[in-house]
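Visitor: Hi, could you walk me through this one? I'd like to start with the aromatic rings.
Guide: Happy to, let's bring it up.

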Amino acid sequence: DGSQNIWVKGENDPTTGNNAPASGNENVSFTTTSEGIYITIISGSNKIKLLALTGQLLLVGELTQGRFFIPTRKGIYFLKINNKNYKVICK
């Protein structure tokens with residue numbers, strides 16, 4: 001399907017961006033920047049999907065505790081965490 005399973009585990013907090021707790025899931029939060037999306041997982045195992053605005057699947061995988069970075073371009077994406085969908089804007 002052309003999707004990639006590349007997750008970059010990061011320890012640095014982004015200096016800019018919008019921090020948004022993933023409503024409905026207190027174990028996950030994410031922050032967007034012009035370079036990509038930072039995902040913080042406090043506990044548990046979480047199914048993550050990232051889709052382009054066109055619906056193209058960009059990344060899919062299961063993440064456990066830690067901080068992760070998904071490099072993206074500027075734009076609008078759909079981030080699915082477990083069974084919840086979020087519209088994400090990287091600018």
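Visitor: How many aromatic pairs does the count come to?
Guide: The count comes to 2 aromatic pairs. Rings of Phe, Tyr and Trp (its six-membered ring) pair if their centres lie within 6.5 Å; planes under 30 degrees apart are stacked, over 60 edge-to-face, and the rest tilted.

Visitor: Which residue pairs with Tyr 38, and at what angle between the planes?
Guide: Tyr 38 pairs with Phe 69 in a tilted arrangement, with 4.7 Å from centre to centre and 45° between the planes. Tyr 38 lies in strand E4 (residues 36-41) and Phe 69 in strand E7 (residues 66-71), so the pair ties together parts that are 31 residues apart in sequence. Strands (E, at least two residues) and helices (H or I, at least four) are DSSP runs, numbered from the N terminus.

Visitor: Is Tyr 38 buried or exposed?
Guide: Tyr 38 is buried, at a relative accessible area of 17%, and Phe 69 is buried too, at 14%. Buried means under 20% relative accessible area, exposed over 50%, and partly exposed in between (1.4 Å probe, protein chains only).

Visitor: Before I go on, what kind of model is this?
Guide: This is a predicted model: local features need pLDDT of at least 70, side-chain atom pairs count only at pLDDT 80 or more, and totals for chains, interfaces and linings use all residues. Residues are numbered from 1 along each chain as its sequence is written, and side-chain values use heavy atoms, leaving out hydrogens and water.

Visitor: Thanks. What does the secondary structure of the chain come to?
Guide: There are 0 helices and 9 strands. Of the 91 residues in the chain, 36% are buried.

Visitor: Back to E4, then. What is Ile 41 in contact with?
Guide: Ile 41 is in strand E4 and is buried, at 2% relative accessibility. Leaving aside neighbours within four places in sequence, Ile 41 has contacts (heavy atoms within 4.5 Å) with residues including Asn 27, Val 28, Asn 46, Leu 63 and Phe 68. Thr 64 is also in contact with Ile 41; these two are 23 residues apart in sequence, and their C-alpha atoms are 6.5 Å apart.

Visitor: You mentioned Asn 46. Which side chain does the side chain of Asn 46 join in a polar contact?
Guide: That of Asn 82, at 2.9 Å. A polar contact is a pair of N or O atoms within 3.5 Å; within protein, one must be able to donate a hydrogen and the other to accept it, and residues adjacent in sequence count only if both atoms are side-chain atoms. Asn 46 sits in strand E5 (residues 46-52) and is buried at 3%, whereas Asn 82 is partly exposed at 27%.

Visitor: Where is the place of Asn 82?
Guide: Asn 82 is in the loop between E8 and strand E9 (84-90). Asn 82 has a positive phi of about 55°, although it is not a glycine.

Visitor: And Arg 67, what does its side chain contact?
Guide: The side chain of Arg 67 makes a polar contact of 2.5 Å with the side chain of Thr 40. Arg 67 belongs to strand E7 and counts as buried at 14% relative accessibility.
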